[in-house]
Amino acid sequence: MSSAAEPVPVANPPVVSNNPDPNPSTVSAPVADDVKVADTNKFDEGSSNNEPPSVETIRKVEDYEVFDNKGEKHLFKSIYDGPDTTGRVLVIFIRHFFCGSCQDYVRELAESFKPEELLQLPKATSLAIIGCGDHGLIDFYAKETGCTFPIYADPANALYDDLGMTTTWDLGPKPEYIRRSMARVVAGSIMQGLKHLGSGLATKGGDTKRVGGEFLFEPSGEDGGKKITWCHRMTNTRDHAEINELVKVLDADGKILLQKA
């Protein structure tokens with residue numbers, strides 16, 4: 001992390017209805033980045049670490065379902081070990097779909113990692129992104145961030161829970177990938193949510209307390225499946241692995257990505 005945090009006080013956060021089909025005329029203003037909505041996670045705040053999940057855990061979650069932008073279900077395993085996947089797949093779990101901090105991160109990813117360059121690495125690599133909100137926001141998210149990588153939704157937070165990701169509202173220090181002030185990040189999150197009042201998706205961005213992480217899947221060399229060889233779990237709401245860190249993980253030989261870093 002490169003500098004001190006720039007917290008923005010948010011007093012008396014608006015209350016969000018839990019009605020799955022809210023009437024837009026009665027819904028309170030959507031909750032912005034880092035404002036409390038719910039606390040349903042079984043993990044304690046700050047409990048996450050960077051120990052890769054066990055093979056047993058991977059086997060447990062491989063059949064969990066995620067949704068694409070059309071609402072079609074996909075097994076989690078198909079994302080990192082499907083017939084059309086590359087040998088190495090980096091799966092990035094973001095926060096709620098209105099999180100401006102994560103949007104800045106995904107913009108950086110889209111600018112830094114081109115699919116054709118990732119395929120040229122000594123270990124051909126691809127990326128996939130998973131959010132914790134409604135699949136109806138995926139197209140919006142892709143357009144907002146300029147992301148061309150596949151995006152999925154895990155609204156039940158099942159993968160987040162069992163892969164050891166936690167919940168917190170702690171801002172933490174400001175990372176390099178966020179170039180805007182927190183005032184602009186929060187204001188942008190609120191405005192994005194307001195634009196979705198008419199569709200009923202304003203309150204379906206996902207749990208604002210949930211944080212994500214990055215998980216790198218590679219062939220295990222044992223049973224033909226894949227294992228997680230490296231991971232990073234967020235410990236605060238602005239704690240994605242920096243782009244330069246990902247570059248070093250993905251391009252240890254420095255033949256492709258390190259030349260750009």
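Two strands pair if DSSP finds at least two bridges between them; strands (E, at least two residues) and helices (H or I, at least four) are DSSP runs, numbered from the N terminus. This is a predicted model, in which local features need pLDDT of at least 70 and side-chain atom pairs count only at pLDDT 80 or more, while totals for chains, interfaces and linings use all residues. Residues are numbered from 1 along each chain as its sequence is written, and side-chain values use heavy atoms, with hydrogens and water left out.

**View 1. Strand 3 and its partners, strand 4 and strand 6.** Strand 3 runs parallel to strand 4 (residues 125-131), joined by six bridges. In this pairing R88 stands opposite T125. With strand 6 (residues 213-219), strand 3 pairs in the antiparallel sense over five bridges. L90 has L216 as its bridge partner in strand 6.

**View 2. The two faces of strand 3.** In a regular strand, side chains alternate between the two faces of the sheet. On one side of strand 3 lie R88, L90 and I92, on the other V89, V91 and F93, and all are buried (under 20% relative accessible area; exposed is over 50%, partly exposed in between; 1.4 Å probe, protein chains only). Because six of the six residues of strand 3 (residues 88-93) are buried, the strand is largely enclosed by the rest of the structure.

View 3. Leaving aside residues up to four places away in sequence, L90 touches S126, L127, A128, E214, F215, L216, W230, L246 and L250 (contact means heavy atoms within 4.5 Å). I79 is eleven residues from L90 along the chain, and their C-alpha atoms are separated by 9.8 Å.

**View 4. Packing of helix 3 and helix 5.** The axes of helix 3 (residues 100-112) and helix 5 (residues 138-145) are 9 Å apart, at an angle of about 65 degrees. Axes are lines fitted to C-alpha atoms, for helices over the stretch in contact, and angles run from 0 to 180 degrees between N-to-C directions. From helix 3, C102, Q103, V106, R107 and A110 meet F140, Y141, E144 and T145 of helix 5. By class, this contact has five nonpolar, two polar and two charged residues (Ala, Val, Leu, Ile, Met, Phe, Trp, Tyr, Cys and Pro count as nonpolar, Asp, Glu, Lys and Arg as charged, and the others, Gly among them, as polar).
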